[in-house]
Amino acid sequence: MTDTTQPSITQTMDFVHYEVKERVGYITLTRSEKRNALNAEMVTELKRAFAAAEDDETCKVIVLRAEGKVFCAGADLEYLQRLQQYDYHDNLADSTHLMELFRLIYTLKKVVIAQVHGHAIAGGCGLAAICDFAFTVPEAKFGYTEVKIGFIPAIVKVFLLRKIGEARAKQLLLTGDLISAEEAQAYGLVNYVVPAEELESKVFGFAQKLCKENSRQSMEVTKEMIARVQEMSLEDGLQYAAEMNAVARGSEDCQRGIDAFLNKQALTW
């Protein structure tokens, strides 16, 4: 069904900005002077921005991007120094805060595209990997460097194993080495590597393609099923798929799409 037209939500926070352009919701990291490094406040603002995009009827597809030369350099150094004073319960609360952001992005109903214009390191690489699609430039480096400072890539590991498998996840997480954009693409960490001067237009074009050619409802249900079916046994997964197939057949979007297909009519969602 064609999206209804109503005023979009715009949010400008200390470290994050959210706006909508032609049904594409842009969430922008604006802490460029700190290489968009993550701290508790920035995580809070990202959670707020993604929740706003989820509820915004004028937004159909979300793009996560950043200002400055670096996409995201991981945890902020001052933030890491503060964490050394935390006890277990403080650290658990803080770690849960980040986990909730990653889970929110992964389970979001709307498709999320990472527009990675510069290096994505540690938690920054996690942000890019958690998105449904990722575009990047040839100059960008990717990697999880936590083991090099005595830390562990704990939360992202849960999602990375699903995305690229055990062998490649071990290669990245246990070595802590940085890899090139081309290697990241070969690993399945990113989908597309494009010249820097084309990055914004390529991402926008891809987002517009999803907006115009695909049913919002179909993308939402398909994304949810991809996440859920991996936890099921073969029999449970097939039963779940059959039930969701039956539900989809009765949906308004499916009936509209099949009708247009049978009548050879152009359809714009």
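Which residues in α9 meet which residues in α10? In this predicted model, Val-221, Glu-224, Met-225, Arg-228 and Val-229 are the ones on the α9 side, and they meet Gly-237, Tyr-240, Ala-241 and Met-244 of α10. Sorted by class, that contact comes out at 6 nonpolar, 1 polar and 2 charged residues.

Now for how the two helices sit. A pair of packed helices is described by the angle and the distance between their axes. Helix α9 covers residues 216-229 and helix α10 covers residues 234-249; their axes come within 11 Å and cross at roughly 165°. Angles over 145 degrees count as roughly antiparallel, so α9 and α10 are roughly antiparallel to each other. The crossing of α9 past α10 is right-handed.

Nonpolar side chains tend to be buried together in soluble globular proteins. The largest nonpolar core here has 69 residues, and the members touching the most others are Ile-27, Leu-46, Phe-50, Ile-113, Leu-127 and Phe-142. Helix α1, residues 40-55, gives the most to this core, with 7 residues. Take Ile-113 as an example: leaving out residues up to four places away in sequence, Ile-113 touches Val-61, Ile-62, Val-63, Leu-64, Cys-131, Phe-133, Phe-135, Val-203, Phe-206, Ala-207 and Leu-210.

Helix α1 also holds Met-42. With a relative accessible area of 0%, Met-42 counts as buried, because the cut-off for buried is under 20%. Setting aside neighbours within four places in sequence, Met-42 is in contact with Phe-15, Val-16, Leu-29, Arg-31, Asn-36 and Ala-37. Val-190 is 148 residues from Met-42 in sequence, and the two are 23 Å apart in space, C-alpha to C-alpha.

Key:
Residues are numbered from 1 along each chain as its sequence is written. This is a predicted model: local features need pLDDT of at least 70, side-chain atom pairs count only at pLDDT 80 or more; totals for chains, interfaces and linings use all residues. Side-chain values use heavy atoms; hydrogens and water are left out. A nonpolar core is a set of buried Ala, Val, Leu, Ile, Met, Phe, Trp, Tyr and Cys residues joined through side-chain atoms within 4.5 Å. Buried means under 20% relative accessible area, exposed over 50%, partly exposed in between (1.4 Å probe, protein chains only). Helices (H or I, at least four residues) and strands (E, at least two) are DSSP runs, numbered from the N terminus. Contact means heavy atoms within 4.5 Å. Axes are lines fitted to C-alpha atoms, for helices over the stretch in contact, and angles run from 0 to 180 degrees between N-to-C directions. Angles under 35 degrees count as roughly parallel, over 145 as roughly antiparallel, 65 to 115 as roughly perpendicular and the rest as oblique. A crossing is left-handed if the near helix is turned anticlockwise from the far one by less than a right angle, and right-handed if clockwise. Ala, Val, Leu, Ile, Met, Phe, Trp, Tyr, Cys and Pro count as nonpolar, Asp, Glu, Lys and Arg as charged, and the others, Gly among them, as polar.
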